[in-house]
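Q: I'm new to this one and would like a close look at a single part. Could you walk me through how one chain is put together, piece by piece?

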Amino acid sequence: MAQLTPVLTANWGDDKPWTLEGYTASGGYAALRQSLGMDAGDLVSMVKASGLRGRGGAGFPTGMKWGFLPAPDGGPRYLVVNADESEPGTCKDIPLMLANPHVLVEGVAITSYAIGCHHAFIYVRGEVVHVYRRLLKAVADAYAAGHLGKNIHGSGFDLDVTVHAGAGAYICGEETALLDSLEGRRGQPRLKPPFPAVAGLYARPTVVNNVESIASVPAIVTGGADWFTSMGTEKSAGHGIFSLSGHVTRPGQYEAPLGITLRELLEMAGGVREGHELKFWTPGGSSTPIFTAEHLDVPLDYESVGAAGSMLGTRALQIFDETTSVVRAVARWTDFYAHESCGKCTPCREGTYWLKQVLHRLEAGDGEEGDIDTLLDVCDNILGRAFCALGDGATSPITSAIKYFREEFEAGMHTPASELFPPNRSALFDYTPRRTGAAAGVVPA
Amino acid sequence: MSGFTADVRTRLDDDAAQIVARYPEARSALLPLLHLVQSEEGFISRNGIEFCAQTLGLSTADVSAVATFYSQYKRRPNGEYTVGVCTNTLCAIMGGDEIFATLAERLGVGHDETTPDGTITLERIECNAACDYAPVMMINWEFFDNQTPESASDVVDRLLAGEKVGPSRGANDVASFKQVSRVLAGFDDGRADEGVAAGAPSLVGLEIAKEHGWKAPSLDGSDDAAATTPEPGGTPGDQAEPDTGEEQSSADRQPTTPQDTDPTTKTSADKTSAETKDDAAGASGEGTKES
């Protein structure tokens, strides 16, 4: 039977774990001192050997990303932490930074030393002001303790860290859009190549890593690569935070080895809410194709989820029971993608607009003959035709939902989703349904 | 000149100098500068745009293009409190739609509209990374977790009555829109130590691990803390712990490839395949968005 392996979450229940004192009391910043005594190249090799892969969704090997930086040319190189957590369903980095910001700061210091960076940035979304306060204070306290700044702990290594607040734009979670945003521009993705490793922030070599990836580094330094690979699977090593939400008895954060299954996690979480059964779920946020009850035993690692037709993504397990209209769910995700499309690429900008129109009429029971084919056709014209993964992500919920629940989309030609699946039955509180309007789940276009 | 009075301008210039100093290139200061001017006027005014443009040597068109891209920058005077109800899929289905409808009815305003007294701007917001606390409401970007129509109405009523309200996770009470905008410009208001570390859902996995005596493998390699799996019906922690590599120890994983038994074989072949796979995924656009 699978077990949980709290590492990043281990101190969240302590007294004031976000303070420098709290973090240091639980062994914090020992890994930084250890790292500063090591050769930078050995640190990169260690993280490569650990098999740590990006925890922000794409799963690219972290150490390899660091290794892609060109040889030092005397100019600056940057580390940028992607703390713009906003993929629907994803809710791991925000609680991590609220409870334990210093593990991220320590990871930033170690990583910067490993890659030869002297100015690192943490780009946190602007819609979480208390998380931003805790990060600002953690960085200030780390400076005061000599963990950041000039000649850190007598090593001769200098590092400045700037915590930067975004201003509300999902697209800035895409690494090149994030870099444009950090340069003071509209957050729009860049055409790759060149990749950020070659021409990133200010066109200089840059590593962009997710919060959880960087926060995993201190324990890898302390425990060693073998410690990390003792958890997880061969190609998906280590621990990761799995976020359960929705129609589940005990929603929350479960830190476990990669490769655990939803069946195992649900058992720990007390199952789907009482009296109900699983209908569909996302393995890694709304941009990953949905799964159903037939996927309960798919190991949640990069390879197995991919082989089953979806993506591990951010391990954002949004659970929906049989009361939920899949058409309503997909229509709302599509509203989101249409709202958040940055407008740079025509297939995404125009395609999400039309997907939204068609899905709204299906949700209202006013669908027209051929609407399902239109949806699939538009998706086909977006997929792979935009600069970044937002366009692709917009198609995932639609194509996967039609694959598993086509009959519900067909029902949208004659019956409103709110009749087939009264929204009050899905809500987590009791209320008397309204006759029309927003409570029926219809957003004005 | 920007339209600010001389003393306001002097104060903003001082703040702006501190912001610009945080970055290797000045233009990076634009987002925090926009938060700063919003903290002065409660929205991004023409004055604010001119100030940012003059500070950074940009055109007002450049600044406007950026200001209009991001949803937190307001083009009209905002209420003292932004009440945001998450109506992205998960929160909407868990009850967010009903909460929004209740508040819209109570306040007599719709999305991105402000009550006549200037107290509350109501918004539908997108996923705010608190799905395990659904349905979620944000007030000036502080978390109000596990809401119902009644709890949300109660909070809103208190705001209308001029009372302070406290979030589930955040500062002791919610600061004003202008004050929060100043924090987002990077000026610490000294409130980081207020509030909790985590709510119950953030801790649920940790609690379950403690109940069962589960831990990650120990970092010093001794593995004396290696977790045991209780037999069905057994009491957690009442069994002898296995040694490393023994059955049910943390290292109990069946070898599936040569690399599992001989680490030295974990070489370029592995990396190349992973790299190719990821490149292929990137090229066909199958990577998910970093979030």
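A: Let's start with what "in contact" stands for here: two residues are in contact if their C-beta atoms, placed from the backbone, lie within 7 Å. Keep in mind, too, that this is a predicted model.

Now take chain B. Its domain assignment gives domain 1 (6–67) and domain 2 (81–184). The centres of these two domains of chain B, taken over C-alpha atoms, are separated by 28 Å. Where they meet, five residues of domain 1 of chain B are in contact with five residues of domain 2 of chain B. On the side of domain 1 of chain B that touches domain 2 of chain B, the residues divide into one nonpolar, four polar and no charged.

In general, an α-helix has 3.6 residues a turn, so residues three or four places apart point the same way.

Over to the strands: chain B has an open sheet of five, in the order β2-β3-β1-β4-β5, with mixed pairing. Its edge strands, β2 (113–114) and β5 (142–144) of chain B, each pair on one side only. Strand β1 (residues 81–86) of chain B runs antiparallel to strand β4 (residues 137–139) of chain B, and three bridges join them. One detail to look for there: V83(B) has I139(B) as its bridge partner in β4(B).

Notes:
Residues numbered from 1 in each chain as written. Chains lettered and ligands numbered in written order. Predicted model: local features only at pLDDT ≥ 70, side-chain atom pairs only at ≥ 80, totals over all residues. Domains from an automatic or database assignment. Nonpolar A, V, L, I, M, F, W, Y, C, P; charged D, E, K, R; others polar. Pairing = 2+ DSSP bridges. Helix = DSSP H or I, 4+ residues; strand = E, 2+ residues; numbered from the N terminus.
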